[in-house]
2 protein chains.
Amino acid sequence: MRSRDEAVAATKVDLHEVAPGLEEYLARAAYVQLTIFENLGRVIATAPSTAAKTALGHAAELSIAKHRAIIAELARLGVDPAAAMEPYTDEVDEFERVTRGADWYENVLTCYLSAGFLDEFYAALATGVDDDAARRTADLLRGESGEALLQEQLAAGIDESSRLASRLALWGRRLVGDIMLVARDSLHLHQDEREEARIEPVFTELIASHTRRMDALALSA
Amino acid sequence: MRSRDEAVAATKVDLHEVAPGLEEYLARAAYVQLTIFENLGRVIATAPSTAAKTALGHAAELSIAKHRAIIAELARLGVDPAAAMEPYTDEVDEFERVTRGADWYENVLTCYLSAGFLDEFYAALATGVDDDAARRTADLLRGESGEALLQEQLAAGIDESSRLASRLALWGRRLVGDIMLVARDSLHLHQDEREEARIEPVFTELIASHTRRMDALALSA
């Protein structure tokens, strides 16, 4: 099995042609991160226990810090961050809407799977943008995350209920499609077969990570 | 007019008899801050513009950092933070429930007024707890806040609609009662007239600050 870094290195050259420009890259990554944060805020507000609230509070702190750091990169470019994000909000808001779960655990799974996948996606995409600000963003996205905290909450629920496990397995399988779609929105594709071949290894690696996240909860992906 | 520091100094001795112990103080301050953060999360998720989301994201980052720092003080005492907060969650959750606004601006006003009042209240109460952890918490609560960011959002809305201004003035007047009640829940009162006299200057000062917050929006308190 290849390590994540080797996989990113292998796809390094390929992503140049399909990556957005720096401003679009930062704007999309920032707004996606804001949505991840908002989803965490919702699961904190509706958490069934004070312990869950506090654990997820840490995850939310890490996520909002990432959003704010990417916003700072946009400001450093001399652009207004809100105006820069504006063109991409509809797509991401739609993603948020369709990935809303039916209950608290489904919403925690949405946070867990989408943050894991999209942080890794934008970190990989940075290699195609090829700019210091994008590289700093990639380092940030590969840094400390709330993944383990979210996983703990989910594992505790799954331990108590096998019905929850099968429901979450279904929800996770549905989510991955929507997550891949919002990731692909960031790619400048021209319905070109060569391009499709080029991005395939990136998604293969991202899906492998997704499967590992599901496996960590003993859910079949 | 006395400065805030003078007012806190003047009430320093008085609060000893009514202040909770250190663990209760930290637990209540931490859970109240978590509620302030959750309310900010809600207004971010429902914000009418990307600019508002980003501005309020900064306020949320400051608030969750305060919650996490107080939680760290509890952990330093060797207690489980979630278990320490548990006895006080019902009162604070009820406060959250009754201070839910009818629309986005009312909810932003709830964030603005309750964070302003309660951060100042717990900073003042620390003088009665008389412990380094409480003093660090007071410094933290007096530190950078999202108040100006919230004020800007409200001012922009009020500028556009005089009807909104009168509705928010009413809402602000209603809120102050509920905010004072949740603050008083942290005091160990014994229906003693001397105690009431003792805490009066604290609340006089807090209400003066509340009035300043309303005045800053040209709303009559």
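Reply: Begin with the term itself: contact means heavy atoms within 4.5 Å. Please keep in mind that this is a predicted model.

Me: How does one read a nonpolar core?

Reply: In soluble globular proteins, nonpolar side chains tend to be buried together. Here the largest nonpolar core has 148 residues, and A:L109 and B:L109 touch the most other members.

Me: How many residues of chain B are in contact with chain A?

Reply: On the chain B side there are 24 residues, in contact with 24 residues of chain A. The two chains bury about 2000 Å² between them, with 65% of that area on carbon and sulfur atoms. Within chain B, the most area is lost to chain A by B:T50, B:T54 and B:R68, together 27% of what that side buries.

Me: What is the count of salt bridges between chain B and chain A?

Reply: The count is four. One of them joins the side chains of B:R68 and A:E61, at 2.9 Å from N to O. From chain B, α2 (22-45), α3 (50-76) and α4 (81-85) each supply at least two residues of the side that touches chain A. The largest share, 13 residues, comes from α3(B). By type, the residues of that side of chain B divide into 12 nonpolar, six polar and six charged.

Definitions and conventions:
Residues numbered from 1 in each chain as written. Chains lettered and ligands numbered in written order. Predicted model: local features only at pLDDT ≥ 70, side-chain atom pairs only at ≥ 80, totals over all residues. Heavy atoms only, no water. Buried area = accessible area lost by both parts, 1.4 Å probe. Helix = DSSP H or I, 4+ residues; strand = E, 2+ residues; numbered from the N terminus. Nonpolar A, V, L, I, M, F, W, Y, C, P; charged D, E, K, R; others polar. Core = buried A, V, L, I, M, F, W, Y, C linked by side-chain atoms within 4.5 Å. Buried < 20%, exposed > 50% of the residue type's maximum accessible area, 1.4 Å probe, protein only.
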